[in-house]
Structure formats: structure tokens, C-alpha cells
Amino acid sequence: MALTDVVKIILLVLLVVCAIAVNFTKTLLQAVIVFMSYSSVMCIIWVLMESPDLAITEAAVGAGISGVLFLLTLRRIRSEDDRREEERRASGKSDKDEPGGGKFESR
Amino acid sequence: MLRTTSNHLYERCSYCAKKGHSMRLRMSNKFAKFRNWLAGDYDPLKNVLDTDETVSDSREEIKKENRKIISEVDAEGSTRRLEKAEQRGFDLVYRVIAIVSCLLLIGVLLFTVALLPRYGVENPESTTVVKRYVESGLQETGAINIVAGIILDYRAFDTLGESHVLFTALICVTILLRADSKNLRTKYEDFYTIKQVKYHDLNKDKIINRVGMILVPCIFVFGIYVLLNGQNGPGGGFSGGSVMGAGLIIGTAAFGYEKMDRFISTKTAMWITFISLAFYSFAKGYVFFTGANGLDNHIPKGIPGAILSGGLILPLDIAVGMVVACTMYGFYNLFRRGRT
């Protein structure tokens, strides 16, 4: 077996592991990071499959821009959480009183 | 700072809030005051200027409104909450349906994949078109990169649709997230504008600033290289455009929003996107209406391998690249603060 074949198999296994691992992450931030690593692995696989233009796009869009957009969305959710917490503190309620409290737990 | 119609009130009242006065109007007091005022020994302006107790705090109002909105939303959820037994039954049904639909989807997809022609096997559906592309692609399109020749000449209509999908997505995101002083949906959005100031001091970090100064020009040069060499090598409009969009995003993170806004504002990005799409549509529409190779006859193909070759492919590549870059940048800006 040639060396590239071994590398290919390792990368494909890593791809499947990444895809499954997204489901078992504890926080959304970890999920985003695993997703970005999935895109990076996919980028290398595109290069090995001799389509470098797709590799460039995957690296820029999959690992870069969509990850950045996810992180920004997470930050927005986080500031939403902060706001809710502030409201809760202002109204003197505990977290458990709120239905759906901690639903968007991102920390 | 937020500029609303109640701006004056707002600022004055944030002052009151700092002082910690109670902001409730006391109705019984009011009537007594009215009588005093009639008698002449009460000055209504005195209380306002001293911010004693007559002015209601707009900040407090905003908070109250927020609380109301949140409680309304939550109450809507809780009133629709089912009884416990029903809930358990619903959970069971939900899980069963989820598993069944998931398995169904997997089955349908696997079945469809099984119907695809086998990879690399000679079959007439997949070879006739490919043969035409490989054999006469260079003469017909003038592009060494057959992929660029296919996506921007033979199948240019697809690429046009993709660019429009991107543009539509940008419009939708703008509709959802745009919140400037003209169209604030709720008052509590000023919460974000207050928070953003704290969150967005990335550009004051020296390391990020310096690294950005070194990286951003390189990224731009690489993006332009990929964009302009779409017909000669791997790359093209979408790849080059996304690289340039990433460069714009890194620039915004490194140098700060204001500087990049002076370089290219979100509005300018929208205009560039629109003009590029319009150019693409008109150029390709002309070709479609005048027959397959209509416009290509007027544009010299050039020597294959040079940058100025490939006829219409290079301008279309640039148009697609501009659309992609500006769309990414616009996305980032809209997601970044929810404001334009």
C-alpha cells in the first residue's frame, strides 16, 4: 500500500470521527471548533483528490468564514444570555423559574 | 450612542438612574401638587430640573418592556406546554418519528447513490459530454482550466444562479439583522450597542494588529492571483472571492470596524455585489439570446495561458469574485454587531 493511500485512509477516518464528534460535544464552542477541523481535513482530502480549487474554497469558506460566522452567532447568543441573566437578577427570580432558561447555554 | 426620538429624555434619565431616585409618579401627590400650583407656592419645573421624582426613567421603561417581552414569549411557551402524561407520550412519538424519518432519509439517499453510474466506468451518459468538453474545450472557450471553461462558459447559467443565491442570502440576512437608528425593532437593541463597545477592542491588541498588517496584503495578493488565473489554473471566481472575503474579515478584526468601513463600507459592498451581478446577467443574457457563442466572437480569446485570455471568462470570474467577497464581508459585518 502506497503512503498516500495510508494518509488517505487516516484522513477519511478522521473525517468520520469529526462528523460524529460534533454530536457529542458539550458546548457549542467545541462543536464549532470540531466543525472547523472537519473542514480542514476535507480541504486536505480535496487536495489529494486533485481538485485544488475546491481545496482553496473549502479552506476559506468551510474552515474560515463559516466558522467565524458561527462564533459571531455564539457571541450574540451569549450576549442574549447576559441580557436574560440581567433581567432575571433585576426581577429577582432564579434560573429555574424561567422556562427555557439555560436553553442556549454556550459557556 | 443610540439616537431615538426620546434621546433627550434618555440621557437625562440615565442621570437620574445613577442617582438612584425612585421614578414612580405618585398620583396622590400629584393632585396635592396641582392644588399647590394653583395656590402659587409650587413650581413644577423645580422638580423636573432637580430630578426628584416626577420623571419616569426611560431606561427603567426599556427594562420593564424587555421583561414584558421575555415573559410574554416564555408564557406563550408555557401555556402551550402539555400535561405531564401527554408530554411523555409526545416525547415517545417524537423520538419514534425522528428515528423513522432519519432511517427513511438514509435509505432514500443510499438508494439514489446506488442508482448513480459507477465511477470511471465507460457509459454513454457520462462520456459523450465529457469527451466534448475535454476535446474541444480549449478551442471553444480559450481556457486551459477546463473546469473554469465549464462553469463560466458551458454551464454559466448555473453559476449565475449560485451568485443570485448568495445575493438573496445577503438580502435575507440584512432584513433579519439590520438594526440601525432608522429601524430599531425593539428598544432593547441598544443593549447590544452598549455591549459591543466592550467586546470589540480586538484591534487594540497589538499582536493582532501587527499580524493583520503582515497577513492582509498577502491574502489579498493571493486572492487576486487566484481570481485572475481562474482560466489558466486551479481557482477562479468563487475561490478567489472567498479568499478575498476572508482577507476583508481579517482586516476588520485587525484594524477595527471604522478603518475598514472607510475602505469599503457595507453599502459599497452591496453596490459592488449588485453591479457585478447585473454585469454578469447582462453579459450572459446577451450570449444566451444571440446563440451559444454570440459574444465570444467579438471578444478576442487571446493566447491560452495569458491572463487576458479566455474571452468572457475573465470578466465573469471577476464579477463572481466580487460578489462572493462582498457577500462574505457583508455577512461578517451584519453578524458582527447586528447593525450596519
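How many helices and strands are there in chain B?

1. **Overall make-up.** This is a predicted model. Chain B has 14 helices and zero strands. Chain A comes to three helices, again with zero strands. Read along its sequence, chain A follows the pattern α-α-α.

2. **Confidence.** The model scores ipTM 0.74 and pTM 0.64. For chain B the mean pLDDT is 74, and 68% of its residues reach 70 or more. Two stretches of chain B call for care. Over residues 1–25, pLDDT stays under 50, and the model has 34 contacts there beyond four places in sequence. Over residues 50–55, pLDDT also stays under 50, with 17 such contacts. Where pLDDT is low, the predicted coordinates should not be read in detail.

3. **Burial and contacts, chain by chain.** Chain A has 107 residues, and 18% of them are buried. Chain B has 340 residues, with 25% buried. In chain B, the share joining residues at least 24 apart is 74%.

4. **The largest nonpolar core.** This core holds 52 residues. I249(B), L316(B), A325(B), M328(B) and Y329(B) touch the most other members. Both chains contribute: the elements giving two or more residues include α2 and α3 of chain A, and α7, α8 and α10 of chain B. Also on that list are α11, α13 and α14 of chain B. The largest share, 16 residues, comes from α14(B).

5. **One core residue up close.** Which residues does L316(B) contact, leaving aside its neighbours within four places in sequence? They are L152(B), A156(B), Y280(B) and A283(B). L316(B) is among the core residues that touch the most other members.

6. **Helix α13 of chain B.** This helix covers residues 266–289, which is 24 residues. From first C-alpha to last, α13(B) reaches 34 Å, close to the 34 Å expected at 1.5 Å a residue. An α-helix has 3.6 residues a turn, so residues three or four places apart point the same way.

7. **Where the chains meet.** Follow α3(A) and α11(B). Their axes come within 9 Å and cross at roughly 35°. The crossing is left-handed. On the α3(A) side, the residues that meet α11(B) include D53(A), I56(A), T57(A), A60(A) and V61(A), along with G64(A), I65(A) and V68(A). On the α11(B) side, they include F238(B), S239(B), S242(B) and V243(B), along with G245(B), A246(B) and I249(B). I249(B) is also among the core residues with the most contacts to other members.

8. E50(A) has a positive phi of about 60° although it is not a glycine. Where is E50(A) placed? It is in the loop between α2 and α3 of chain A. E50(A) counts as exposed because it has 9 other C-beta atoms within 10 Å, and the cut-off for exposed is 12 or fewer.

9. **Y257(B).** This residue is found in helix α12 of chain B, residues 257–263. Y257(B) counts as partly exposed because it has 16 C-beta neighbours inside 10 Å. Y257(B) and N333(B) are 76 residues apart along the chain, yet their C-alpha atoms are separated by 8.6 Å.

Terms used. Residues are numbered from 1 along each chain as its sequence is written. Chains are lettered from A and ligands numbered from 1 in the order in which they are written. This is a predicted model: local features need pLDDT of at least 70, side-chain atom pairs count only at pLDDT 80 or more; totals for chains, interfaces and linings use all residues. Helices (H or I, at least four residues) and strands (E, at least two) are DSSP runs, numbered from the N terminus. The expected span of a helix is 1.5 Å times one less than its number of residues. A nonpolar core is a set of buried Ala, Val, Leu, Ile, Met, Phe, Trp, Tyr and Cys residues joined through C-beta atoms within 7 Å. A residue is buried if 20 or more other C-beta atoms lie within 10 Å of its own, exposed if 12 or fewer, and partly exposed in between; C-beta atoms are placed from the backbone. Two residues are in contact if their C-beta atoms, placed from the backbone, lie within 7 Å. pLDDT is the predictor's confidence in each residue, from 0 to 100. Axes are lines fitted to C-alpha atoms, for helices over the stretch in contact, and angles run from 0 to 180 degrees between N-to-C directions. A crossing is left-handed if the near helix is turned anticlockwise from the far one by less than a right angle, and right-handed if clockwise.
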